[in-house]
2 protein chains.
Amino acid sequence: MRAEIITIGDELLIGQVVDTNSAWLGQTLNKFGIKIHRINSISDNDSEIKLQLSECMSRSELIIVTGGLGPTKDDITKKALAEFFGMGWRIDGIVLAQLEGFYKNRGREMLEVNKLQAELPDGCMTLMNEWGTAPGMWFEHDGKIIISMPGVPYEMKNIFEFKALPLINERFSQPKLYHKTIVTINVPESILAKRIEAVEDRLPSYIKLAYLPNWNIVRLRLTGTEQAGIDIVKNVNEISSAIHEILGEAIVALEDLSMAEIAYNLLSARNKTLSVAESCTGGYLSHQITMIPGASKVFVGSVISYSNSVKHHQLGVESTLFETVGAVSEQVVTQMVEGVRQKLTTDYAIAISGVAGPGGGSVEKPVGTVVIGVCDKDTTLVKTYHFIGDRMNVIGRSNNMAFDMLRKLILS
Amino acid sequence: MRAEIITIGDELLIGQVVDTNSAWLGQTLNKFGIKIHRINSISDNDSEIKLQLSECMSRSELIIVTGGLGPTKDDITKKALAEFFGMGWRIDGIVLAQLEGFYKNRGREMLEVNKLQAELPDGCMTLMNEWGTAPGMWFEHDGKIIISMPGVPYEMKNIFEFKALPLINERFSQPKLYHKTIVTINVPESILAKRIEAVEDRLPSYIKLAYLPNWNIVRLRLTGTEQAGIDIVKNVNEISSAIHEILGEAIVALEDLSMAEIAYNLLSARNKTLSVAESCTGGYLSHQITMIPGASKVFVGSVISYSNSVKHHQLGVESTLFETVGAVSEQVVTQMVEGVRQKLTTDYAIAISGVAGPGGGSVEKPVGTVVIGVCDKDTTLVKTYHFIGDRMNVIGRSNNMAFDMLRKLILS
């Protein structure tokens, strides 16, 4: 069975908005054995939409469309779909009642244009939108399923998960896919590949291996497709074990976790707490750990000491060091990490100071120079790194290396 | 002239990686009047790649391909391209010399598989990769241009900007596009549309208006296409002024800026400093402001007071308040915002405390309840919000509303 996504919106094509919906849809469908074969992003243009629909319907059984359902004139998906399927219009009474409630609850006047959200192509099934005003729509045509949903991510996710997905699962029964991700750190892709060459050469046809490098991390993803008479989970796990045996300490996780999640899990299992002092990463590390629901179990807080004055007054770094060795130095980071652990009274601490760029570099400390420290009550480890790439790269790599240093300290 | 993007990688289709390259390419080309007509994401599959290439070449003049150029076996784009164009292989001596330098500088052994990066289809032009090992490639066929680049974002950007773009601009002379974005806050899309209906109805055919809602913000994007005898910049600016006159205070910027950038610009122009105390947003706000190069001009630092103990010890919030009114309260946020401003000695401060969810909600303070405070030396403003959506939504909306409150305080 083939499935495709069509995302509609000029904002995607001119890069004003990044298409995160497709990634989420791909991830969600994959759990149910449904592979997305193509993602097609097109503009809010009537003939483009119809052309893309007919192309997709010629080669796929499930087509998921997002975007272009807003109340404003630039949104034309609903009209294009109705014309494409040759459908008239109906008012959906349940949607209308829900819309009336929506505006009443918010104390907002319901405009004519809002009422139009209840007008739907006569022949599609309504997928109620609990979190917004544009309902989803389910079309069936020539044995194909076409689902249209708004582009606002949280509205789309809610409709898809609770309204569309149960119906899709009823309709399509797929061979299950089994993914296993192995996270490695600090070993380049080509060296990893060389080391596990023998395993890779022996992979059966129904198991694929992919390499995903990002910010000093390479994720190895094994994907097995269910086969009659074969225990795919067992097979994939055996390959994963073989890789594990070869790569050993290069591996930081045997599931698809971020470095923040890996550190969080280690701390959580040991009932330990963490504080952070960030300079050049400016809060990114704290944001990563607090994106984990329940982060408060281990994360106590941070001091984002962007200025030297905050490093001195809040973390106790000696002022003279800024002149003698500079803020980006192992001496300053040592005092930052020990300072934040003491001030915020935690078991562990992380500190980072560096030059994220594009400005601020010097001959001695070029852009990409980052000093990272971790400590517990007995041990402080500090290391200087030289990262390449743009500002976000330096921040992202610093984040990964900092959590890795913490991981090693916890496990030592 | 039609242009398309092909992004290659199973990781995009199963949602393990979000395609940010396409957005960046769309944005960059747009500045030069080149519109992307479609973005096509496909898997690392030989026949899919060739099929997609022939489809794109049948309808577009410029095709930009990213991904699948790594040294590992799952990456097959280069081979597929050589076969598609019926080309043999050559070793690029300059690439080989660069690779040797690359590995030598890093003290790493150069593997056979690394040397293969210098083997290129015989007939393409090399686009040197300054930041990695997989060079970009420029193909010309039937008057069409096909550019292939690695998927690693910062390598791709560097190749595209400095190697490919100058050649593209030489080749294609396009009518310029002129974009103007107006950023509005706290007015729903449908109400904005109603208010500017008369302006929208009078738009000439060569100017389009789009609405982009996200996290309490709606961006209105005007796009004008250059026409002979018409001053498109003047025309778009006149429409922008007409919209400005109607929407008045709903507008926070007349260019495409984030709320952090808007606040940064106001502070920077006045030589004022900012400190932040974040609880439920966990560092996101600090990260947003420190993503601006040169943020240190206004941003001094933050206290991420995730635990009540940090709120008390670092910001001076009275402990008794946590029991009587709770951490998510106007009293606590008042003390947080005044505390952080004093401790970090800044002109302005922001503080946020709330329930980001999914857990932690109660009947009195359900998930989405967020209290935001801003202050300067004379005035403290605190307000309670009730946001809808998931954890990231609550964090994102809090961020936008906090910077808006600061904006209003600065301008008052």
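1. The crossing of helices α3(A) and α4(A) is right-handed, and this note takes that pair as its starting point in what is a predicted model. The contact draws on D46(A), I49(A), K50(A) and L53(A) from α3(A), and on T77(A), A80(A) and F84(A) from α4(A). Sorted by class, these residues are four nonpolar, one polar and two charged.

2. Strand β2 of chain A, spanning residues 36–42, is mostly covered, since seven of its seven residues are buried. Within its own chain, β2(A) pairs with strand β1(A), residues 3–8, in the parallel sense and over six bridges, and in this pairing E4(A) stands opposite R38(A).

3. The strand β2(A) also reaches across to the other chain, where three bridges join it to β2 of chain B, residues 36–42, with the two strands running antiparallel. A reader who wishes to locate this pairing may look at S41(A), whose bridge partner in β2(B) is I39(B).

4. How many residues does each chain bring to the contact between chain A and chain B? Chain A supplies 75 residues and chain B supplies 75 residues. On the side of chain A that touches chain B, the classes are 35 nonpolar, 27 polar and 13 charged residues.

5. A further link between the chains is made by the β14 strands, residues 299–304 in chain A and residues 299–305 in chain B, which pair in the antiparallel sense over four bridges; here S302(A) stands opposite I304(B). These two strands belong to an open sheet of ten strands with mixed pairing, in the order β17(A)-β16(A)-β15(A)-β13(A)-β14(A)-β14(B)-β13(B)-β15(B)-β16(B)-β17(B). Its edge strands are β17 of chain A and β17 of chain B, residues 380–386 in each case, and each of them pairs on one side only. From one strand to the next, the twist averages 10 degrees.

6. Inside the chain B part of this sheet, strand β13(B), residues 274–278, is joined by five bridges to strand β15(B), residues 348–354, and the two run parallel. The bridge partner of A277(B) in β15(B) is A351(B). On the chain A side, helix α16(A), residues 391–411, packs on the sheet and touches β15, β16 and β17 of chain A, while its direction makes about 25 degrees with that of β16(A).

7. Leaving aside residues up to four places away in sequence, G360(B) touches V355(B) and V367(B).

8. Elsewhere in chain B, strand β11(B), residues 217–225, is largely enclosed by the rest of the structure, because seven of its nine residues are buried. Nine bridges join β11(B) to β9(B), residues 177–185, in an antiparallel arrangement, with I185(B) standing opposite I217(B). The strand β10(B), residues 207–214, likewise pairs with β11(B) in the antiparallel sense, over eight bridges, and L212(B) stands opposite R219(B). Together β10(B) and β11(B) form a hairpin with two residues between them, and in the turn W215(B) has a positive phi of about 55 degrees.

Conventions: Residues numbered from 1 in each chain as written. Chains lettered and ligands numbered in written order. Predicted model: local features only at pLDDT ≥ 70, side-chain atom pairs only at ≥ 80, totals over all residues. Left-handed = near helix turned anticlockwise from the far one by under 90°. Contact = placed C-beta atoms within 7 Å. Nonpolar A, V, L, I, M, F, W, Y, C, P; charged D, E, K, R; others polar. Buried ≥ 20, exposed ≤ 12 C-beta atoms within 10 Å, placed from the backbone. Pairing = 2+ DSSP bridges. Axes fitted to C-alpha atoms, helices over the stretch in contact; angles between N-to-C directions.
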